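Subject: Structure handover

Hi,

Here is the structure to look over. My notes follow below it.

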Amino acid sequence: MTAIVVEGLERSFGEVLAVQGIDLRVEEGEIYGFLGPNGAGKTTTVRMLTTLLLPTGGRAGVAGFDVVAEARQVRASIGVALQEAALDPLMTGRELIRLQATLQGLPTAAGRKRADELLDRVDLSYAADRRVGGYSGGMKRRLDLAAALVHEPRVLFLDEPTTGLDPVSRKTIWEEVQALNDDGTTVFLTTQYLEEADQLADNVGIIDRGLIVAEGTPEELKGEVGNPHIELTVGEGAVPEAERVVAELGKLRPRKGDGRVLLEVENGAGDIPRVVRALDEAGIAVESLELVRPTLDDVFVEKTGHHLEGEDGSGTEPAEEEPAAT
Amino acid sequence: MSELATGARVVGALGARSIRQTFRRPQLISPIVVFPTLLLAIQTGGAGAGIALPGFPPVQSFLQFMLAGSMMQSMMLAGNSGGIAFAVDIEMGFTDRLFASPIPRFAIVLGRLAGTAALGLFASLWFLAIGLIFGAHIEGGVPGALLAIALITTSAIAVGGIGAAIALRTGSASVVQGLFPLVLVVLFLSSAFFPQELMVEPAKTIAEYNPFSFIVEGVREPIISGIEAKQTLEAVAAIAGIILLGLWLSASALRHRLRTG
């Protein structure tokens, strides 16, 4: 069965068309990674699919219900963890989950039991009676995830669940998402992290400027790009000259703006000696060299002409985790 | 469980959260309790001789006269605090959590108003207790006190409805907070702190038509003389009018917010 069907979905804000008629299908039991840079239209799409925002065109169905005509049924079938972990800092973790249980219509006793189970599941029992304002970023995300699971939803929407988290917290969230999916929950996951989509998603949709520019399994998409590339770091100011020298040996890719030269080559490692030789003959010192297999960023570059990651530093390294208050 | 019972349970849960939120955030509770109590103390201590002025209604003490005004002030600031808290919820995205739940969306507004009503109840009890401790008589006895409490509690729903509407329309806590001085202007242009008969123009005419004058007189009468049908009915009519206006504005602002995201 199809968990999410989207046909020609649009949303405009005044003159700005934030989502420009997208189509997608997510099968039940799948993890769908919705990948794109900031402002690409990911959150607007999620807000429409979760009934928080009315579409201005097209249609969408979630768990078999229309997001406009049967919004209440959609809301009863989905769990939502939004981008900014919409938590009240003055509530305790336990109060929040119990409130969520009431909102989902669970009887009081069942809600209390479920809250205890979920707090235990996300390893927050020890902090359940502390105010959320004192939680670390990772704890907040785990609590948000637990709240989204109160009613055992068929479809779970996670809007950038690991943005701003440290690697350990990211991994914990990934494991939890994978475990939920193993239990049969369909997951619609937006992310700007390539690795996240690559690790978790069965299928990936890449969105840029409100349009889906590529869709498929991560392997299919990377396969479309084809060749690996050599990533060279050369001395300060030598990038233009290095690009001129190696341009004849392969296909130059757009720069990431950090002193690296990216050259797509046909023979992989076999091309490294002649690239090094050419640079050596031109008197350009190579500081480092790496052969990189195609990534989803390469797919993004192929489809849009610019990088998903790295140009402004976004999407490459997560922010430092703030310490947990005691 | 029936739809109505489920809705009532959700409104109760959201109301309880709203009360907890107010008591856990000093900047929300202090305008409701501290500011009106201080103003009551200052006015009672400094202007107590005012009751001897010709035309001042017959009262046992200035404190007895002032109790209704202080309850009104506290209740109106509770409504304003409720609006601020609602706007904070919108700013931090907490309302998205509520909007994404399978509940009637107007229950979110009603939950907030239930919390504000509880704060109105608290305000009326607080000032009645202060009045009794410092020697004020409630001339209408227990029924009079209960009437004053009921009028203040329902007024809180009325004022809270306006606050909720502004919060929903603007989504900005600072805008709602900016209405604080307006609350005082509305109060001072009513008979909350001074008898209407002794006011000068144009304040006197404004106070005569200010719906909050009708409410404050409805609350004051059972305290200073006893329950009077005319004042009570006028107060109920004013409260009902403001409640309807607040609910209509809130419903309209809610629709606008859901349409525009």
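I'll start with a pair of strands in chain A. Strand S11 (residues 229-234) and strand S13 (residues 260-264) of chain A pair antiparallel, over five bridges. In that pairing, A:Leu232 faces A:Val261 of S13(A). S11(A) also pairs with strand S14 (residues 286-292) of chain A, again antiparallel, through six bridges. There, A:Val234 sits opposite A:Val286 of S14(A).

Please keep in mind that this is a predicted model. The mean pLDDT of chain A is 84, and 93% of its residues score at least 70. Residues 310-326 of chain A are the stretch to watch, with pLDDT below 50. That stretch still has 34 contacts in the model beyond near neighbours in sequence.

Overall layout of chain A

Chain A has eleven helices and 14 strands. Its C-alpha trace spans about 75 × 50 × 35 Å along the principal axes. Of its 326 residues, 48% count as buried. Take the contacts in chain A between residues at least 6 apart in sequence: 69% of them join residues at least 24 apart.

The chain is split into domain 1 (2-222) and domain 2 (227-293). The C-alpha centres of these two domains of chain A are 40 Å apart.

S5(A) is joined to strand S4 (residues 57-62) of chain A by two bridges, and the two run antiparallel. A:Val62 is placed opposite A:Phe65 of S5(A).

Strand S3 (residues 31-35) of chain A pairs in the parallel sense. Five bridges link S3(A) to strand S8 (residues 186-191) of chain A in parallel. A:Leu35 has A:Thr191 of S8(A) as its bridge partner. S3(A) also runs parallel to strand S9 (residues 203-208) of chain A, joined by four bridges. In S9(A), A:Val204 stands opposite A:Gly33.

Are the residues of S3(A) buried or exposed? Five of its five residues are buried. A:Ile31, A:Gly33 and A:Leu35 point one way from the strand, while A:Tyr32 and A:Phe34 point the other way. Both sets are buried.

Where the chains meet

The contact between the chains draws 20 residues from chain A and 21 residues from chain B. On the chain A side, helix H2 (71-77) and helix H3 (93-103) each give at least two residues. That side of chain A is made up of ten nonpolar, five polar and five charged residues.

Nonpolar cores

The largest nonpolar core has 148 residues. Which of them touch the most other members? They are A:Leu143, A:Ala146, A:Phe188, A:Leu189, B:Met72, B:Ile215 and B:Val219. Helix H3 (residues 62-91) of chain B gives the most to this core, with 17 residues.

Beyond its neighbours within four places in sequence, B:Met72 contacts B:Leu187, B:Ala192, B:Phe212, B:Ile215, B:Val216 and B:Val219. Of these, B:Ile215 and B:Val219 are also listed with B:Met72 as residues that touch the most other core members.

Another core, of 13 residues, lies apart from the largest one. Its members include A:Ala238, A:Ala242, A:Val245 and A:Val261.

Best wishes

Methods:
Residues are numbered from 1 along each chain as its sequence is written. Chains are lettered from A and ligands numbered from 1 in the order in which they are written. This is a predicted model: local features need pLDDT of at least 70, side-chain atom pairs count only at pLDDT 80 or more; totals for chains, interfaces and linings use all residues. Two residues are in contact if their C-beta atoms, placed from the backbone, lie within 7 Å. Ala, Val, Leu, Ile, Met, Phe, Trp, Tyr, Cys and Pro count as nonpolar, Asp, Glu, Lys and Arg as charged, and the others, Gly among them, as polar. A nonpolar core is a set of buried Ala, Val, Leu, Ile, Met, Phe, Trp, Tyr and Cys residues joined through C-beta atoms within 7 Å. A residue is buried if 20 or more other C-beta atoms lie within 10 Å of its own, exposed if 12 or fewer, and partly exposed in between; C-beta atoms are placed from the backbone. Domain bounds come from an automatic or database domain assignment. pLDDT is the predictor's confidence in each residue, from 0 to 100. Two strands pair if DSSP finds at least two bridges between them.
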